[in-house]
Amino acid sequence: MSTVRHPWLHTAAGIAVLAVLLFPIYWMVNASLQPNGATVDTSWLPLSPDLSGYRTALADQGANLVTSLVVAVGSVALSLLIAVPAAYALAQFRLRWAGLVLFGILISQMIPGIVIANALYGAYADLGLLNSIPGLILADSTAGIPFAILICRAFMQSLPPAVVEAALVDGAGPVRAFVSVVLPISRNALITAGLFTFLFTWSDFLFALTLTTTEDVRPVTLGIYNYLGAYVNDWSAVMATAVLASVPAIVLLVVAQKYVAAGATGGAVK
């Protein structure tokens with residue numbers, strides 16, 4: 001008895017699920033192009049698109065977008081600078097306390113963010129790091145570093161020891177072998193860890209709300225939050241800011257998706 005398959009049913013079901021998931025994004029873009037800024041009586045299509053919401057968003061939130069970008073890039077750089085050598089040491093060196101260190105890293109991922117934010121607030125007040133970009137970079141790196149260590153270690157465990165040994169035989173020192181051999185091979189894992197660290201930082205709201213008390217340094221997530229009270233009757237500027245804030249994440253995911261897939265599964269099979 002043969003079974004008749006209908007692959008088009010699976011395709012239709014996939015399209016339907018995708019449409020439901022992407023509808024909020026479409027409505028966000030649609031509302032940002034409405035001339036009156038309303039969301040209740042908004043038409044299904046932006047038949048008369050108006051860019052005034054984007055002009056308002058760029059004028060009011062442009063500095064916040066730049067702040068978020070600087071903090072995100074700085075957090076990625078700091079996280080990888082610390083996490084990659086640590087991951088290599090945990091993966092390739094025979095360390096007696098490696099298991100305990102990994103357990104501590106996993107435990108750190110389970111600590112609620114509000115606990116870390118409150119602890120950092122007291123320390124930052126004493127060190128003068130409140131309302132500063134370095135302070136936000138350091139705070140956001142507390143989430144990026146443990147994750148990057150886990151991702152990079154899983155990949156670096158699969159590296160053949162002969163590759164590093166060959167570099168050492170050729171006269172390279174441990175640091176030279178790490179920089180010239182290990183890092184290029186681990187490109188996919190580095191991109192994956194960097195991308196997720198960027199996304200963590202870009203979407204951060206808790207640290208931004210806790211560690212910034214003035215308008216001098218304000219990430220875009222906090223800018224949108226404060227926007228709601230000022231433009232509650234004109235949602236076009238709010239939605240335009242949300243669209244602009246979504247663009248960097250979307251572009252990075254589209255560009256780096258093949259590296260992310262390879263990096264996330266690179267250490268699964270030895």
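Student: What percentage of the 270 residues of the protein chain count as buried?

Tutor: Keep in mind that this is a predicted model. In the protein chain, 39% of the 270 residues count as buried.

Student: What is the secondary structure of the protein chain?

Tutor: You're looking at eleven helices and zero strands.

Student: Why are α2 and α7 called roughly perpendicular?

Tutor: Look at how their axes cross. Helix α2 (residues 52-92) and helix α7 (residues 174-185) cross at roughly 90°, with axes that come within 12 Å. Angles of 65 to 115 degrees count as roughly perpendicular, so α2 and α7 get that label.

Student: Which residues meet there?

Tutor: From α2 you have V84, P85 and Y88, and they meet F178, V182 and L183 in α7. The contact of α2 with α7 divides into six nonpolar residues, no polar and no charged.

Student: What makes E215 and R218 a salt bridge?

Tutor: Check the distance. The closest N and O atoms of E215 and R218 are 3.9 Å apart, and the cut-off is within 4 Å, so the pair counts as a salt bridge. By this rule the count comes to one salt bridge.

Student: Are E215 and R218 buried or exposed?

Tutor: E215 has a relative accessible area of 64%, and exposed means over 50%, so E215 is exposed. R218 comes in at 17%, and buried means under 20%, so R218 is buried.

Key. Residues numbered from 1 in each chain as written. Predicted model: local features only at pLDDT ≥ 70, side-chain atom pairs only at ≥ 80, totals over all residues. Heavy atoms only, no water. Axes fitted to C-alpha atoms, helices over the stretch in contact; angles between N-to-C directions. Helix = DSSP H or I, 4+ residues; strand = E, 2+ residues; numbered from the N terminus. Parallel < 35°, antiparallel > 145°, perpendicular 65-115°, else oblique. Contact = heavy atoms within 4.5 Å. Nonpolar A, V, L, I, M, F, W, Y, C, P; charged D, E, K, R; others polar. Salt bridge = Lys/Arg side-chain N within 4 Å of Asp/Glu carboxyl O. Buried < 20%, exposed > 50% of the residue type's maximum accessible area, 1.4 Å probe, protein only.
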